[in-house]
Structures are given as structure tokens and as C-alpha cells.
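The dialogue below takes up a few features in turn and shows how each may be read.

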Amino acid sequence: MKSQIQLTLKKIPDIPVEAENIKPENMAGKTISEIKAIPILVGKCWEPAGDWFDIGIKESPESDSEKPVIDLFIKGDLTRFKRIGEGMSQGSMRIDGTVGFHAGAKMCGGELIINGNTGDYLGAHMKAGLIVVNGNAGHYIAAAYRGHAKGMAGGTIIIKGNAGQMLGARMRRGLIYVTGDCGDAPGFNMKAGTIIIGGTPGARAGARMVRGTIMLLNKDNLPELLPTFTYNCTYTPSFWGIARGVLSKMGVQSEAGTDLLFKRYSGDTNEGGRGEILISA
Amino acid sequence: MDQELKVHSDVICTFCGCLCDDIEVEVVDNRISKVKKACMIGRNKLMHAQSNNPDITIAGKPTSLDAAINEAVNILTNARFPLVYGLSSTTTEAQREMVEIAEILNATIDNPSSYCHGPGLMARQQVGLSSCTLGEVKNRADLVIFWGCNPLESHVRHLTRYSVSAKGMFHPEGRKSRKIVSIDIRPTPTTKSSDWFIQVTPGNTFEIATLLRALVANNPIGKGDDALIAGVAVSKWRELAEMIRGCKYGVIFFGLGVTQCRGRDINVEQLAVLVSEINNHTRFYAMAMRGHGNVAGGNQVMTWQTGFPLAVNFSRGYPRYNPGEFSVIGLLARKEVDAALIVATDPGAHLPADTGDHLKNIPVIYLEPHNNPTTEWATVVIPVAQAGVAASGTYYRMDNVPLRVKKIVDSDHLSDEEVLKRIKERITHAQNY
């Protein structure tokens with residue numbers, strides 16, 4: 001048997017709430033009254049989670065399937081709730097509703113599924129784990145916080161809608177896949193890692209990128225690349241088939257075949273030119 | 001009956017970031033009667049400094065100062081997510097009080113730089129900025145680039161006092177010995193007085209800075225000389241890069257056309273790296289054309305008191321910084337704050353209408369020397385003595401040089417600093433801090 005904890009939002013707050021304590025490892029093995037007492041920062045005052053959520057625990061049989069049993073369900077419009085799942089290291093959490101800033105930031109393990117839209121800084125400084133967004137994501141996904149040189153350092157983020165600006169800005173390692181479009185400057189100053197964009201990116205893809213890979217699967221309506229990217233060749237990178245297989249296991253089916261040709265551009269030459277942008281030919 | 005005439009010399013005009021410190025002001029019977037040497041904007045600001053003062057009001061009804069301060073304290077101590085905002089047109093002494101009030105209240109504090117030159121401050125934190133003083137520019141600069149700014153209309157005496165026609169130690173001929181380049185999206189009085197005006201398409205600052213970096217450093221580019229970047233041929237940008245590399249001492253003055261066009265902080269980040277790399281070839285600097293008189297001081301005070309120049313939150317009892325999350329436009333657009341203390345700025349006129357409208361739905365305490373759009377709806381209005389006219393203190397010029405502004409007339413009202421001190425003391429008492 002395994003415990004499943006369900007949190008249902010009672011009322012939408014009129015001021016911001018910071019709820020980094022809401023994550024699976026903080027709930028596991030606790031009674032309802034103990035979970036109700038978990039503190040969250042409402043405005044400038046700490047209040048018990050029980051004031052804001054109806055809490056239920058139900059036992060479920062261990063699943064034999066490969067998919068892990070969800071440890072924590074949260075339901076409601078959590079637009080004003082920031083930092084949910086921040087620093088999450090294990091277990092799984094599913095949110096049915098929109099969630100605010102910093103969801104899954106600094107995450108170092110586990111699985112976070114969001115059935116709704118997210119605010120900015122989703123998965124910022126993430127080290128490991130998986131985030132799946134069945135909706136649109138905000139700006140600075142997997143990015144570095146202000147003043148930091150390196151953002152996401154590992155893990156996977158899958159966004160099945162659109163993403164905002166500065167997607168994967170300054171990321172150091174990891175994989176980001178966006179099914180839809182994204183805003184300006186995806187991969188800005190990225191140090192390494194892979195960003196795959198199924199739709200149309202905004203301007204300045206790969207600006208100031210040092211290393212890493214940006215793959216653009218949709219060749220239509222692409223904005224012009226920065227002048228500091230130079231064309232190299234047209235080919236099918238061998239890792240594309242592997243990446244496609246990995247994404248397929250995560251439920252992302254790309255229409256593009258394994259033999260898809262890409263035009264390779266290297267840049268940003270101002271930063272050494274060791275990064276690459278691969279555009280579907 | 002004889003009128004008492006006082007002539008004040010070397011008065012500092014507090015209108016813009018230039019802080020011209022050579023103004024002469026004549027005062028007759030405690031009224032400013034004549035202003036000499038100031039630009040038209042500065043003269044008007046000083047001549048009208050003593051008129052159109054608001055009354056002390058609560059919900060539009062006249063009251064006493066004591067009652068207004070009590071009401072302000074009541075509102076602020078009962079708020080669950082208050083905002084302290086302003087700082088740009090008052091003294092650093094008053095700004096210091098505001099930071100302390102924000103800390104005591106566990107509030108969020110921001111200043112107008114978050115929607116003007118704040119992106120430049122974020123970029124500075126990321127990559128630094130090679131900068132200088134206006135005195136150095138006057139004495140040494142032989143190449144001046146105005147990028148996305150129009151000082152002839154916004155900082156009127158900048159060109160004559162510091163950057164273009166000023167006669168300096170190594171440039172006794174002034175204008176004749178300097179090259180002036182303007183990069184802007186449309187002709188302006190500044191572009192017309194420049195040696196070379198490069199008219200660019202809007203929103204392409206980042207592309208220009210990227211290309212200039214490559215051209216200055218001789219990095220490979222994926223475009224031919226005929227290709228257009230921001231509507232201008234690469235060959236023209238190459239000419240500019242050669243001019244930059246060939247100068248002895250160059251400076252870029254950048255305005256809101258750089259910081260607030262598409263890209264914002266990454267524009268300035270790229271520009272700052274460009275300037276840093278130009279220093280591999282020659283001496284080169286960049287400086288923000290700061291707007292309001294002491295907006296630079298607001299950033300200075302917040303940085304030395306909290307560690308961050310803008311958008312600081314104290315909800316957890318210690319300062320945290322994140323523009324976008326804790327900056328005034330974002331907070332109001334998301335309708336997150338439930339009370340506001342606003343000093344020395346006019347959100348009713350400056351903020352986007354739909355964003356500023358949230359302030360009309362929450363209690364607002366407003367300290368301001370003059371009637372303006374915000375005094376019409378603020379919950380508590382406390383008139384104050386205008387800094388630099390009826391109150392002395394410290395202001396920071398756009399190059400971050402601190403200057404002491406004078407008190408040249410008496411006022412019936414207390415200064416921002418004095419009112420804020422009283423508010424702070426009563427909050428401290430109310431919260432048993």
C-alpha cells in the first residue's frame with residue numbers, strides 16, 4: 001500500500017503565497033493534522049497549510065507499471081502560489097491547475113506534473129528530475145536567477161504548450177523540450193545542455209551561447225539568426241534518433257522522423273562559437 | 001516696505017540626472033523670483049516649486065498632519081503585503097528612511113528605475129560596466145555616442161556642460177575636437193547636432209551590439225557587408241567599429257531606447273560586454289542617461305542598505321531581489337499588493353493606466369510637494385517640502401557622484417525625511433519592533 005495525499009485549495013488568496021514546503025518529501029508519513037500544520041508564507045505572515053487547503057490521505061495499492069504512483073495531488077487555481085515543489089528531491093507531485101512562480105525551482109529529483117499553465121522561473125537552477133507541463137509556461141524556464149552565471153544543471157523539462165522568453169537562459173546541463181512556440185532569446189548565454197523547440201522561437205535564439213545545442217524542428221516563420229552564427233553543413237545528427245527515443249518514452253511523440261535533416265549553424269562567435277543551432281532543413 | 005532679496009549661487013537643479021550645480025536663484029520674501037543659467041525645464045521647475053501645493057488629506061478631506069501620519073501608520077501596519085515605492089526625486093536621507101520602513105514592515109520596496117534604467121542595473125550585476133564620471137568625459141572624450149537617447153530635449157545642458165561643446169583639459173576647443181555619433185530610431189534635435197546619425201529600425205539594439213562586438217573583435221560573422229542589421233548595412237557598422245577602435249577615449253551614453261526596447265537587460269548586458277571588449281583596443285566607457293534627479297541615489301541607497309538596487313522584498317525578514325517578481329509594474333499588474341506608501345514619484349502619471357489602476361483600489365499613502373494625478377485619489381496625502389528647494393540633502397548625479405542640494409526657501413511643510421522618520425517611529429512603536 002502507498003499513501004496518496006490530496007490537497008484541494010479552499011480559496012484563492014488575494015496576496016502572494018510562498019509554498020516551498022509543499023512537496024512530497026515534506027508530506028510523506030505525516031498525519032492530516034501534521035500536514036495541516038505545515039507553514040506557508042502568506043504575504044509576510046506564516047500560516048498553516050490547513051487554512052488554505054482541504055487535506056485528504058488515501059491508501060492505494062503499489063502499482064506494477066513503470067509509471068510511479070503519484071504521492072501528492074494538488075487541485076485548484078494556484079496562480080498566486082509561488083515556489084511549490086521548490087527543492088523537491090523525491091516522489092511525485094501532480095498539480096491540476098495553474099501554478100505561480102518558481103515551481104520546481106532547484107529541484108533535484110522526483111517528478112512534477114502540472115496540468116495547467118505555470119508562472120516564471122519554472123525549474124530554475126534545477127539539478128535533476130522531470131517536470132512536465134500540460135499547458136503554457138512563463139518566462140525564464142530553467143534559467144539562472146539574477147546575478148547567477150549558471151541555471152539548470154540537469155534534469156528534463158517538457159512543456160506541451162508554449163513557453164515565454166529566455167527559455168533555458170544560462171543553463172549548464174539538461175534537456176528542455178517545448179512542443180509549441182517560445183519567446184525571445186531561448187538558450188541565452190547557455191553553457192551547455194539541449195533545448196528542442198517544436199514551434200516557432202522568438203528572436204535571438206542562442207544569443208551569447210557558449211556551448212550547447214538548440215534544435216528548431218519547425219523551419220517555417222523562423223526569425224533571422226543573429227549575425228554571429230555561421231552556417232556549417234546540412235546533416236542528420238546521430239543523437240537526434242536517441243533524443244527522439246528518450247522523448248517518446250516520456251510521452252512526447254515528434255512527427256519528425258529519425259532521418260530528419262538539419263542545417264547546422266555554429267555560434268555565438270562572440271563567445272567562442274562552440275554552440276550549435278540545428279534547424280530542420 | 002522693503003522686500004528682502006537673497007541671491008543663491010551654485011544652486012543644484014534637481015530636475016534630471018545632470019544635476020547642474022551652477023544655477024543662480026533670486027529669492028524675494030521667501031519666494032523664488034528669478035532663476036539664471038538653468039535650462040528651460042529646470043527654470044520652470046524652480047519657478048513653480050512653491051505653487052500648487054496639496055492639502056493634508058485623508059480620503060480627500062482636510063486633516064491635521066498628526067492625524068494623517070496616524071492613519072498612514074494604521075494602514076501600513078495592517079497591510080499583509082505592502083509596497084513602499086518611489087525614492088527617485090527626494091534626498092538619499094529620505095530614501096534611507098524608506099528602506100528602513102520597508103524592512104520594519106516586511107514590505108516590498110521598489111523605485112521607478114525598474115521601468116527605466118533598471119535593466120541596466122541588472123546587466124551591471126551580471127557582467128559589470130566600465131564607466132566613468134562626467135568630468136572625465138568633459139576633459140578626455142574624443143568620441144561620444146548617444147544611443148537611444150535625446151539629451152537635447154531630456155537633459156538639456158548635458159551637451160554644453162559635459163559631453164559635446166564643453167571645453168576640457170585635453171579638448172580646449174570643445175566641440176571641434178570631438179566626434180559625435182547618434183544611434184536612434186528617428187531624427188531628433190540631438191541627432192541633428194551630431195556628426196553622424198545612424199537611423200536604425202526599432203527593437204534591434206541587441207543585434208547592433210552583437211554585431212559591433214564581432215566587428216570590434218574581428219570575430220567571424222554570418223552576414224556579408226551588404227546585409228542589413230537594424231536597417232543599416234554591415235559595411236556602415238564596420239565603419240563605426242573602426243571609428244570606435246581608432247578613438248583615444250570614447251563613451252556611449254545610453255537612454256531608454258536601449259534599456260526599454262525589445263530585450264531590455266540583455267541589450268545593456270551586450271552593450272556592457274562590448275564596452276569591456278573595446279578596452280582591449282582603446283579607452284572606452286558607457287553611462288546611463290539617468291532621468292529623475294536622484295533616481296541614481298535611490299539605487300545607491302537601496303544597494304548599500306539591502307545589497308540590491310531595486311525590486312527588493314522583505315517578506316521573510318531579509319532582503320531578496322527579483323525584478324519582475326518584486327518590481328512595481330509586476331506587483332500591480334498581478335494585483336498582489338494591498339497597501340502602498342509612495343514618496344517622490346507620480347504613479348498616476350508614470351505607470352501604465354491599467355497597472356496603476358490597482359493603486360486606486362487599495363489604500364495609498366502619498367508624500368508629494370505638488371498636486372498631480374496621484375494626489376487626486378491617494379487615500380492619505382501629506383504635502384512635503386521639496387528637496388533641493390525647501391529641504392537640503394544628498395543627490396546622486398547620473399555618473400553616481402554625490403552632490404549636496406541646498407535649502408533656498410522655507411516651507412510650511414516638513415521634508416520627506418522628517419515625515420518618514422515620524423511614520424517610522426510610530427510603526428516601530430505600533431509593532432513593538
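A: A residue counts as buried if 20 or more other C-beta atoms lie within 10 Å of its own, as exposed if 12 or fewer do, and as partly exposed in between, with the C-beta atoms placed from the backbone. This is a predicted model, in which local features need pLDDT of at least 70 and side-chain atom pairs count only at pLDDT 80 or more, while totals for chains, interfaces and linings use all residues. Residues are numbered from 1 along each chain as its sequence is written, and chains are lettered from A and ligands numbered from 1 in the order in which they are written.

Q: How many C-beta neighbours does B:Thr394 have inside 10 Å, and how is this residue classed?
A: B:Thr394 has 19 C-beta neighbours inside 10 Å and therefore counts as partly exposed. The residue lies in strand S20 (residues 393–396) of chain B, where helices (H or I, at least four residues) and strands (E, at least two) are DSSP runs numbered from the N terminus.

Q: Which residues is B:Thr394 in contact with, leaving aside its neighbours within four places in sequence?
A: Two residues are in contact if their C-beta atoms, placed from the backbone, lie within 7 Å. With that sequence limit, the partners of B:Thr394 are B:Thr91, B:Thr92, B:Glu93, B:Gly297, B:Pro402 and B:Arg404. B:Ser154, by comparison, is 240 residues from B:Thr394 in sequence, and their C-alpha atoms are 22 Å apart in space.

Q: Is B:Gly257 buried or exposed?
A: B:Gly257 is buried, because 22 other C-beta atoms lie within 10 Å. This glycine is placed in helix H11 (residues 256–259) of chain B, and, when residues up to four places away in sequence are not counted, B:Gly257 touches B:Trp147, B:Gly148, B:Cys149, B:Asp184 and B:Ile185. Between the C-alpha atoms of B:Gly257 and B:Ile75, which are 182 residues apart along the chain, the separation is 38 Å.

Q: What are the corresponding values for chain B, starting with its helices and strands?
A: Chain B comes to 17 helices and 21 strands. Its radius of gyration is 23 Å, which agrees with the value near 22 Å that a compact globule of 433 residues would have. Along its principal axes the C-alpha trace spans about 70 × 60 × 30 Å, and 57% of the 433 residues of chain B count as buried. Residues 24 or more positions apart account for 68% of the contacts in chain B with a separation of 6 or more.

Q: Where do the two chains meet, and how many residues of chain B are in contact with chain A?
A: On the side of chain B, 30 residues are in contact with 25 residues of chain A. Helix H4 (118–127) and helix H9 (205–217) of chain B are the elements that give two or more residues to this side, and H9(B) gives the largest share, 6 residues. By class, the side of chain B that touches chain A has 11 nonpolar, 10 polar and 9 charged residues, where Ala, Val, Leu, Ile, Met, Phe, Trp, Tyr, Cys and Pro count as nonpolar, Asp, Glu, Lys and Arg as charged, and the others, Gly among them, as polar.

Q: What is the angle between the axes of H9(B) and H10(B)?
A: Two packed helices are described by the angle between their axes and the distance between the axes. The axes of H9(B) and helix H10 (residues 234–246) of chain B cross at roughly 60 degrees and come within 9 Å; such axes are lines fitted to C-alpha atoms, for helices over the stretch in contact, and angles run from 0 to 180 degrees between N-to-C directions. The two helices are therefore oblique to each other, since angles under 35 degrees count as roughly parallel, over 145 as roughly antiparallel, 65 to 115 as roughly perpendicular and the rest as oblique. In this contact B:Leu211, B:Leu212, B:Leu215 and B:Val216 of H9(B) meet residues of H10(B) including B:Trp237 and B:Ile244, and the contact has 9 nonpolar, no polar and 2 charged residues.

Terms used. The radius of gyration is taken over C-alpha atoms; the globule rule is 2.2 Å times the number of residues to the power 0.38.
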